[in-house]
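Please look over the sequence and the model shown below. The report that follows goes through selected residues, strands and helices.

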Amino acid sequence: MISLKNIYKSYGKGETMRKVLTDFSLDIVPGDFISIRGRSGCGKSTLLYILGCLETFDSGEYLYKGEDVSKMSEKQLARMRGREIGFVFQSFFLIPSLTCYENIEIPMMYAGIPPKQRGEKIGSLLSEIGMSDYANQKAATLSGGQQQRVAVARALSCDPGIILADEPTGNLDEASGEEVISLFERINRDFGTAVLLVTHDPAIAARAKTQRTL
Amino acid sequence: MTKAKLLRHYIKANRGLYRALFVQTLVVFALLFVVANTNLSVELQLRRAQSAADADVYGIMYEFGDESSCALAYESIAAEIGEESAEMILKSPIFLNVSLKIPEQAELMEKIRVAVDSSGVDYHVYAKNPVKQVEQSGAGALNFAGILKLLLLIVMTSAALGLVGVLLISLYRREYDLSVRYICGASKSGLTAATLLEYFLVTFAGAAAGTALGALLSPLMGSFAVAGAVSFSPKIGALKYGLLVYLFIIIVTAAVTLIRLRAVDMLDRVRYGDNI
C-alpha cells in the first residue's frame with residue numbers, strides 16, 4: 001500500500017543544514033501496526049508528516065497504492081489527506097468551537113460524502129469510542145482523553161487505509177492513554193486499518209506488531 | 001455540516017471583528033453615497049441650467065407697481081398652480097420671488113407667467129441667471145458635502161487601515177483552525193477561497209447597507225440648499241464611486257489574505273503542539 005524508498009530529508013542550508021532522514025525506506029501493507037521510536041529530533045515526526053503528505057522530501061520515492069506522491073497536485077494531495085490517511089496528534093488538534101459531531105464530520109465534508117451517509121457513520125464511530133452522549137458537546141469542554149478519542153474517530157471517518165499517530169498518548173494520563181492504544185489495536189484488528197505510531201514510550205511501542213527505531 | 005454552515009460558523013465565531021468591519025464599511029459607503037450624490041445632483045442641475053432651453057426654469061422675480069397688484073398676482077399664481085408647487089417670497093411689498101419646489105417640473109414656470117398675465121396687473125420681470133441660481137442654491141449643500149468629503153477621507157483612511165488590521169488579526173486567529181482543516185483534507189487554495197468569501201460577504205453586506213443608508217440620507221442634503229432648487233433624490237450614477245471603492249476593498253482583502261496565508265506554515269501548529 002505504501003512504499004518509501006531511499007528517502008532523504010534535511011532542514012536548513014549550508015552550515016546550518018540538519019539531516020533528518022537519510023536513505024530511509026519503509027513498506028506498509030494493510031493490517032500493519034508499526035511503532036517508530038527514536039531520540040528527539042531523529043525525524044520520527046518528519047517521517048509521519050511525509051507519509052501524511054504534509055511535508056515534502058528532498059529525494060527518494062514515495063508510492064501510495066502504486067502512485068507517485070511527489071507528482072501529485074495540491075488538490076490530489078488534499079484529497080489523499082482527507083480520504084486515505086487519518087491523523088492523530090499529541091495535542092488532539094480538534095476545532096474547539098465545533099461539536100464532537102462536527103469535528104468528526106470535517107474530513108467527510110471535504111471528501112464529499114453525502115450528509116446522510118455522514119450521520120450514520122459518525123453515529124457508529126461515536127458509539128465505537130463510547131461517546132455517543134457527547135455528540136453535540138463542544139470539543140473545548142471535553143477532557144484530554146475524550147478529545148483524543150474524538151480525534152481517533154475523526155481519523156477513521158473516511159475509512160482511511162492508514163492511521164498516522166504522533167505521540168497520541170503524550171498528553172494523556174495512563175488510563176486515557178491505555179484506552180487510546182486499545183482503540184488503535186481494535187481498529188487495526190477489526191477493520192484491518194494500518195496504524196503507524198510514533199512514540200517515546202517503549203511499553204506502547206511494544207504493543208505494535210512491528211517495531212522500528214530511527 | 002456543509003461548507004455554507006462552516007462559513008456561518010466562522011462569521012459567528014469572529015463576530016466581534018466582523019461587526020467592526022461591517023460598521024466601518026457601512027460608514028464609508030453611506031458617506032460616499034451622500035457626497036457623490038450631492039456632487040452629482042448639483043452637477044446635473046448646472047448642466048441643465050447651462051442649456052438655453054432651460055433658461056428661467058427655476059425661479060423668477062416680479063416687480064409690481066403697487067402692493068395690491070403684487071397681492072393679486074400672488075393669489076393668481078396660488079390659484080393656478082398651488083402653493084405646494086412653488087415657493088413665493090415677498091422680498092418687499094412689491095417684489096415677489098417665485099421658485100419651483102421641484103425643478104424637474106419646468107413647465108409650471110409657463111403656468112406662472114400665464115397666471116400673472118391673467119391677473120391684469122403691470123409688472124416688470126427680473127430675468128434670473130439659471131446657472132447662478134443653481135450655484136447659489138447648491139452652494140450650501142456643496143459646502144456641507146465638502147465637509148463630508150473631508151470626513152470621508154479620514155474615515156476611508158482609518159477604514160483602510162482597519163480593514164488590513166482586521167484581516168491580519170482574523171487570519172492570525174484562524175491559523176490553528178485552518179491547519180486542522182488542511183490536515184483533514186482541505187487544500188490551501190480552497191481554504192484561502194473560503195476565508196476570502198467570509199471577508200467579501202461581510203464587506204459586501206456593509207457596503208450594501210451603507211449605500212442604502214446613504215440613499216436614505218441623500219435627500220436631507222436639500223436642507224442645505226435654498227428653497228429646494230436642487231433635487232438631491234438618490235441617483236444611480238452615485239453608485240459608480242461605491243463600485244470603485246468596493247473593487248479597492250476586494251483587491252486589498254485578496255492581497256493581504258493571499259500574502260498572509262502563503263506565509264502560514266500549516267504544520268507549525270502541529271510541530272509546536274498547539275493545544276486547545
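With 23 C-beta neighbours inside 10 Å, B:Val202 counts as buried, a residue being called buried if 20 or more other C-beta atoms lie within 10 Å of its own, exposed if 12 or fewer, and partly exposed in between, with C-beta atoms placed from the backbone. This is a predicted model, in which local features need pLDDT of at least 70 and side-chain atom pairs count only at pLDDT 80 or more, whereas totals for chains, interfaces and linings use all residues. Residues are numbered from 1 along each chain as its sequence is written, and chains are lettered from A and ligands numbered from 1 in the order in which they are written.

B:Val202 belongs to helix H6 (residues 188-217) of chain B; helices (H or I, at least four residues) and strands (E, at least two) are DSSP runs, numbered from the N terminus. Once its neighbours within four places in sequence are left aside, B:Val202 is in contact with B:Ile11, B:Tyr18, B:Leu21 and B:Phe22, where contact requires that the C-beta atoms of two residues, placed from the backbone, lie within 7 Å. B:Pro234 is 32 residues away from B:Val202 along the chain, and the C-alpha atoms of the two are separated by 24 Å.

How do H6(B) and helix H7 (residues 239-263) of chain B pack, and at what angle? Their axes are 10 Å apart and the angle is about 155 degrees, with axes taken as lines fitted to C-alpha atoms, for helices over the stretch in contact, and angles running from 0 to 180 degrees between N-to-C directions. H6(B) and H7(B) are therefore roughly antiparallel to each other, since angles over 145 degrees count as roughly antiparallel, those under 35 as roughly parallel, 65 to 115 as roughly perpendicular and the rest as oblique. The crossing of these two helices, H6(B) and H7(B), is right-handed, a term used if the near helix is turned clockwise from the far one by less than a right angle, and left-handed if anticlockwise. Among the residues that make the contact are B:Tyr199, B:Phe200 and B:Ala207 of H6(B), and B:Tyr246, B:Ile249 and B:Leu258 of H7(B). The residues of this contact between H6(B) and H7(B) divide into eleven nonpolar, seven polar and no charged, with Ala, Val, Leu, Ile, Met, Phe, Trp, Tyr, Cys and Pro counted as nonpolar, Asp, Glu, Lys and Arg as charged, and the others, Gly among them, as polar.

Between the chains, 20 residues of chain B are in contact with 29 residues of chain A. On the side of chain B that touches chain A, helix H1 (3-13), helix H5 (130-183) and H6 of chain B each supply at least two residues, and H5(B) gives the most, with four residues. The residues of that side of chain B divide into nine nonpolar, six polar and five charged.

Chain A holds an open sheet of four strands in the order S2-S1-S4-S5, with antiparallel pairing; two strands pair if DSSP finds at least two bridges between them. Strand S2 (18-28) and strand S5 (67-68) of chain A stand at the edges, each with a single partner strand, so one side of each is left without a neighbour in the sheet. Within strand S2 of chain A lies A:Asp23, which is exposed, with 10 other C-beta atoms within 10 Å, and which has a phi near 50 degrees, a positive value in a residue other than glycine. A:Cys53, in the loop between helix H1 (44-51) and strand S4 (59-64) of chain A, also has a positive phi, near 60 degrees, but A:Cys53 is buried, with 21 other C-beta atoms within 10 Å.

Strand S7 (residues 162-166) of chain A is mostly covered, five of its five residues being buried. A:Ile162, A:Leu164 and A:Asp166 point one way from S7(A), while A:Ile163 and A:Ala165 point the other way.

| Strands | Sense | Bridges | Bridge partners |
|---|---|---|---|
| S1(A) (residues 2-11) and S2(A) | antiparallel | seven | A:Ile7 and A:Phe24 |
| S7(A) and S8(A) (residues 194-198) | parallel | five | A:Ile163 and A:Val195 |
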